[in-house]
Amino acid sequence: MDMPATGGGFADLVQDDRVHTALYKDPAIFDEEMDRIFKNTWVWVGHVSEVPQKGSFKKSWVGQQPVIVTRTKDDEIHVLLNRCRHRAATVCEKMKGKTSVFVCPYHGWSYGLDGKLRAVPHSSVYGEDLDKSQFPLVSLRTEQYNGMIFATFKDDIEPLEDFLGGAKKWIDLFMKQGAGYPVKVLGEHQFRFGGNWKIQLENTTDAYHFPIVHKTFLDSLDAETENVFDVLGQGGWVEDLGNGHSLMVMIPDLVDLEENLDAPIPERFAELAQELRDEGYEDLEVRRIVRAVGGGGFNLNLFPNVACSMAFFRVLRPVSVDETEIRHVAIGMDGGPEAGNRMRMRLHEHFQGPMGFGSPDDAEGWERVQRGAASGDDLWIMVNRGKEPLVDHPAGEAVTDVSAETGMRAAYQMWKRMMSA
Amino acid sequence: MSTLEQTREPKMTEPHDVIPLADACAFIWREAEMLDQQDYKAWLDLWTEKGIYVIPIERDETDYASALNIAYDDAGMRAARVKRLKSGFSMSSAPSARTVRTTSRFVVEPGEDGVTIVRCAQMLVEFKFERTRVVGADVVYRLVRTEGGIAMDGKVVTLLNSDEPLWGVGYLF
Ligand code: FES
Ligand SMILES: [Fe+2]
């Protein structure tokens, strides 16, 4: 089939239960996505704990565009394009750190953390021609929800909270992993795979693959924990939350980490519980921390680039039509017991990242999708699994089976809306 | 040379009993061959019980236990990892990328309590799916004398690009 080069025709590529293979491999579609989606919505750039102090900064991206997230001396968070207003050099090449000023290395223009152009070397040569107020680092509209920082190129977009809508409640539940402490980023794994960004987007609410792709992870667990990760067998569900966001609950018991605190402490946390008791934590506090350390029971997928995924943030960055960068951001308790955070990091390493027991197999699977999409130009990607709502499910009338492709359908309907706007 | 199988009496007369360069090299090269051939069960036997295998993320990290790493394996995790890589059910390791590695630039130094520290450079080339990649790494070994010869009491592999995006790795560094 011939690919439409411009608007209108994109709508034909997404049907209710399938999307066209061109969505994975047409560079022209990719370019349009960067424009119509990533420059037109709220995009996740970081967590507040990554810029903890006045003067803190971290590099990030909005779509393909490098940005810097900063915290100014007035305690404001800014998201600035990482591009000097003179002749475009990046002003920051450190992943994170602290500074009071960004000095462009090329000709020395210097910028404050709010982006203002402060000083220009040998400025007299410009005579009257340089009005410094006209050349700040470009600052994007930035809003936060419960510690998650989003930025947008679209100045007149709806407020972040409206965009998140039904997802907010789930973000709040996710943040209970702090066990009463603020959530703090502990580090991140980064890897790339040779495939389109939407392949990762789909995967976040794909419980169907879990027992197959992650068999070796499941085999590495003790019997009790393996039961916890029986993701298809616990009455979970998938739900469309609107605006392309979706929810997949795999372990209903772990939706609210402040409930069931009197349940027996699982064997794998016995040692940690004892360590916390020895440190003087009260029994209830020990139970709360231990339950939170194991992570939550759901994946919340926020269109287009971030997910609150069981115990960590999963971030995607489109690099090109067939290359995507993934970050698995580990989180823990800010000010909580070190032993708990250490255990969270060990659990994160167990599954996530370039050498985890899970992620490399995900990455391979996604690459296989891209390789397979090289043939069958006229074929479709099927996302028709589990269209019928579950009957009499406690979560409500609109929820579908835990292994349904409802989340993918939700994301593609948003894709269609934005691409044909 | 069969350093691995050799039984050696510790030479009590040497002040630090530092493992000689030639023996350290022979051990490390043998290990490299095992890893390239994916003879992982034999590799597990090269370790002391308390040795930790670390692939860090941050290049200046010293307290690995308190940091997020790419891998941080005690004996139990190493055994589980080897089981996974050899299971045939992990699509990233069945088959994994093929690898060829060389190690060089060895520096041998005495450590505490009879441990010999060996620092070296590792160049690894991997190949899978029409793509060849080169990964450089600084490697630090903690080697100890045992009844059976030499054992690893620690191995830290700091990849040149450890703090940048990597890719799914289905083998061992
Ligand atoms: S490009 Fe930045 S000062 Fe010239
Ligand atoms: Fe997965």
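Visitor: Before we start, what should I know about the model and its numbering?
Guide: Residues count from 1 along each chain as its sequence is written, while chains are lettered from A and ligands numbered from 1 in the order written. Side-chain values use heavy atoms, without hydrogens or water, and in this predicted model local features need pLDDT of at least 70, side-chain atom pairs count only at pLDDT 80 or more, and totals for chains, interfaces and linings use all residues.

Visitor: Which residues are the protein donors of the iron ion (ligand 2)?
Guide: Donors are N, O and S atoms within 2.8 Å of the metal (3.2 Å for Na, K and Ca), and water is not among the atoms, so sites may look incomplete. Here they lie 2.1 to 2.5 Å from the iron, and in sequence the donor residues are spaced H-x4-H-x147-D.

Visitor: In β17(A), what is the bridge partner of A:V306?
Guide: Two strands pair if DSSP finds at least two bridges between them. Strand β16 (residues 306-309) of chain A has four bridges to β17 (residues 312-320) of chain A, running antiparallel. In β17(A), the partner is A:V315.

Visitor: What area is buried between chain B and chain A?
Guide: Buried area is the accessible area (1.4 Å probe) that two parts lose on being put together, summed over both. The contact (heavy atoms within 4.5 Å) takes 36 residues from chain B and 32 residues from chain A. Carbon and sulfur atoms give 59% of the area, which is about 3000 Å².

Visitor: Which residue of chain A forms a salt bridge with B:K128?
Guide: A salt bridge is a side-chain nitrogen of Lys or Arg within 4 Å of a carboxyl oxygen of Asp or Glu. The count between chain B and chain A is five. For B:K128, the closest N and O atoms are 2.7 Å apart, and the partner is A:E364.

Note on methods: Helix = DSSP H or I, 4+ residues; strand = E, 2+ residues; numbered from the N terminus.
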